[in-house]
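Here are my notes on this one, point by point. Have the sequence and the 3D view open while you read.

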Amino acid sequence: MRITLVAIGKTTDKYIADGFEKFANRINRYCKFTTKIIPELKNTKSMPVELQQKKEGDLILEEMKNHKFNILLDEAGKQFSSVEFAKWIEKRMVGGENDIAFYIGGPYGFTDEVKNKCQALLSISKMTFSHQIIRVIFAEQLYRAFTIIKGEPYHNS
């Protein structure tokens with residue numbers, strides 16, 4: 001199985017990058033896990049939110065063509081417990097989904113056009129997190145899911 005995390009913009013804080021890298025390396029024990037960074041838009045201070053969303057959306061739509069199963073991390077998505085998420089991932093694995101991409105949008109989220117092109121919407125929490133810190137939270141939960149699937153002690157340690 002190949003899983004790609006697609007995100008808008010580089011991580012600028014070292015502690016976030018270090019935390020993400022820690023879990024990304026652990027995930028690679030279970031599947032091929034890669035990250036694709038879509039460059040942040042330039043000169044957005046005076047750009048209307050709708051235009052920024054549209055431009056980011058166009059870049060995301062282009063990336064979606066490279067993957068078979070596209071999942072947006074979005075506050076309107078389905079929420080799972082860690083065990084439910086593990087079962088969901090396992091179902092994708094057993095069902096033959098071998099190329100999954102998860103997307104973290106920019107600060108204003110996704111356009112309806114992008115939402116309509118994905119195969120699923122997943123919410124990490126009802127709380128709002130920065131589009132940088134969510135990378136660490138998602139990577140930790142994905143790692144946790146694989147340890148649950150494999151029956152390893154991380155989940156309850």
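1. Let's start with helix α2, residues 49-64: its 16 residues reach 22 Å from the first C-alpha to the last, close to the 22 Å expected at 1.5 Å a residue. Keep in mind throughout that this is a predicted model.

2. Which residues of α2 are buried? The list is Q52, Q53, E56, G57, I60, L61, E63 and M64. They sit on the same side of α2, because the arc they cover around the axis is only 165°. As a reminder, residues three or four places apart on an α-helix point the same way, since there are 3.6 residues a turn.

3. What do those buried residues pack against? On the strand side, the partners are β1 (2-8), β2 (32-38), β3 (69-79) and β4 (99-104). Helix α4 (112-117) is a partner too.

4. K54 also has its place in α2, but K54 counts as partly exposed, with 39% relative accessibility. Leaving aside neighbours within four places in sequence, K54 is in contact with T111 and E113. The K54 and T111 C-alpha atoms are separated by 6.6 Å, although the two residues are 57 apart along the chain.

5. Now the sheet. It is open, with five strands in the order β2-β1-β4-β3-β5 and parallel pairing. The edges belong to β2 and β5 (120-123); each has a single partner strand, so one side of each is left without a neighbour in the sheet. From one strand to the next, the twist averages 30°.

6. For a closer look at one pairing, take β1 and β4, which run parallel and are joined by six bridges. R2, for instance, has D99 in β4 as its bridge partner. Helix α5 (residues 133-150) packs on the sheet as well, touching β1, β2, β3 and β4. The direction of α5 makes about 165° with that of β1.

7. Last, the cysteines. How many disulfides are there? The count comes to zero. For C31, the nearest cysteine sulfur is that of C118, 20 Å away. Seen from C118, the closest cysteine sulfur is in C31, and 20 Å is too far for a bond, the cut-off being 2.5 Å. Are these two cysteines buried or exposed? C31 is buried, with a relative accessible area of 7%, and C118 counts as buried at 14% relative accessibility.

Notes. Residues are numbered from 1 along each chain as its sequence is written. This is a predicted model: local features need pLDDT of at least 70, side-chain atom pairs count only at pLDDT 80 or more; totals for chains, interfaces and linings use all residues. Side-chain values use heavy atoms; hydrogens and water are left out. Helices (H or I, at least four residues) and strands (E, at least two) are DSSP runs, numbered from the N terminus. The expected span of a helix is 1.5 Å times one less than its number of residues. Buried means under 20% relative accessible area, exposed over 50%, partly exposed in between (1.4 Å probe, protein chains only). The arc is that of the directions from the helix axis to the C-beta atoms. Contact means heavy atoms within 4.5 Å. Two strands pair if DSSP finds at least two bridges between them. Axes are lines fitted to C-alpha atoms, for helices over the stretch in contact, and angles run from 0 to 180 degrees between N-to-C directions.
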